[in-house]
Amino acid sequence: MKRDHKGGHQGRDQGPTQRQLRAGELVRHTLVDLLRDEDFHDPVMARAHVTITEVRLSPDLRHAICFAEALGGEHSDEVIEALNRHAKYLRGRLGRSIELKFTPDLKFVHDPSFDEAARMARLFNKPEVRRDLEADAYDHSDEGDDGEGDEGGDRA
């Protein structure tokens, strides 16, 4: 296998490492605790209930992208802006709460998975889609129910 310009192997899966995943979960849990316990003097943060769904860390663990969603989905853009305004403060609090060599810079982004799940639920509830799904389920329910085995039924 050829080595790429950064010393890694080409063709190897470029997903996050175990180290990145563990550190990301540590940061996520700590941020959730901080957001729950802190009193912010920001009206948006004071009334917002935020969930941090995922934290993705860079390979050097110095930068974190934090996927967030305002519970109920209301005012998500305002909440993300507020979180990014308070990112340096949260980073400072994070650094006192976790044991990593470097405290990552935090960037908050809206988590689109909730919107996508709602879109899919609306799609599945359309009458024409429900009809097709029910017809497909009916077609599969009577497969193999003829009482005969897979061997053809020619037994003596």
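Reader: Which element gives the most to the lining of the second largest pocket?

Author: Happy to start there, with the note that this is a predicted model. Two helices, α1 (18–37) and α2 (43–47), each supply at least two residues of that lining. The top contribution is three residues, and the element that gives them is α1.

Reader: How many nonpolar residues does the lining of the second largest pocket have?

Author: The lining is made of Val32, Leu35, Arg36, Glu38, Asp39, Phe40, Met45, Ala46, Ala48, His49 and Val50. By class, one of the lining residues is polar and three are charged. The nonpolar residues number seven.

Reader: Let's turn to the whole fold. In what order do the elements of the protein chain run from the N terminus on?

Author: The protein chain holds six helices and three strands. Read from the N terminus on, their order is α-α-β-β-α-α-β-α-α.

Reader: Which strands stand at the edges of the sheet?

Author: The sheet is open, and its three strands follow the order β1-β2-β3 with mixed pairing. A strand at the edge here has a single partner strand, so one side of it is left without a neighbour in the sheet. That describes β1 (50–57) and β3 (105–110).

Reader: How many bridges join β2 to β3?

Author: Strand β2 covers residues 63–70 and runs parallel to β3. Along this pairing, His63 stands opposite Asp105, and Phe67 has Val109 as its bridge partner. The number of bridges joining β2 to β3 is six.

Reader: Which residue in the turn of the β1 and β2 hairpin has a positive phi?

Author: Strands β1 and β2 run antiparallel and are joined by seven bridges. Within that pairing, Val55 stands opposite Cys66 in β2. The hairpin has five residues between its strands, and the one in the turn with a positive phi, about 65°, is Leu61.

Reader: Is β2 largely enclosed by the rest of the structure or largely open, and why?

Author: The count to look at is that six of the eight residues of β2 are buried. In the protein chain, by contrast, buried residues make up 26% of the 156 residues. With six of its eight residues buried, β2 is therefore largely enclosed.

Reader: How far apart in space are Ala68 and Asp111, C-alpha to C-alpha?

Author: In sequence, Ala68 and Asp111 are 43 residues apart, yet Asp111 is among the residues that Ala68 touches. For the protein chain, residues 24 or more positions apart account for 60% of the contacts with a separation of 6 or more. Between Ala68 and Asp111, the C-alpha to C-alpha distance is 5.4 Å.

Definitions and conventions: Residues numbered from 1 in each chain as written. Predicted model: local features only at pLDDT ≥ 70, side-chain atom pairs only at ≥ 80, totals over all residues. Heavy atoms only, no water. 1 Å grid on protein atoms, 1.4 Å probe; cavity = no way out; pocket = protein on both sides within 12 Å on 5 of 7 lines; lining within 4 Å. Helix = DSSP H or I, 4+ residues; strand = E, 2+ residues; numbered from the N terminus. Nonpolar A, V, L, I, M, F, W, Y, C, P; charged D, E, K, R; others polar. Pairing = 2+ DSSP bridges. Buried < 20%, exposed > 50% of the residue type's maximum accessible area, 1.4 Å probe, protein only. Contact = heavy atoms within 4.5 Å. Lists of a residue's contacts leave out its neighbours within four places in sequence.
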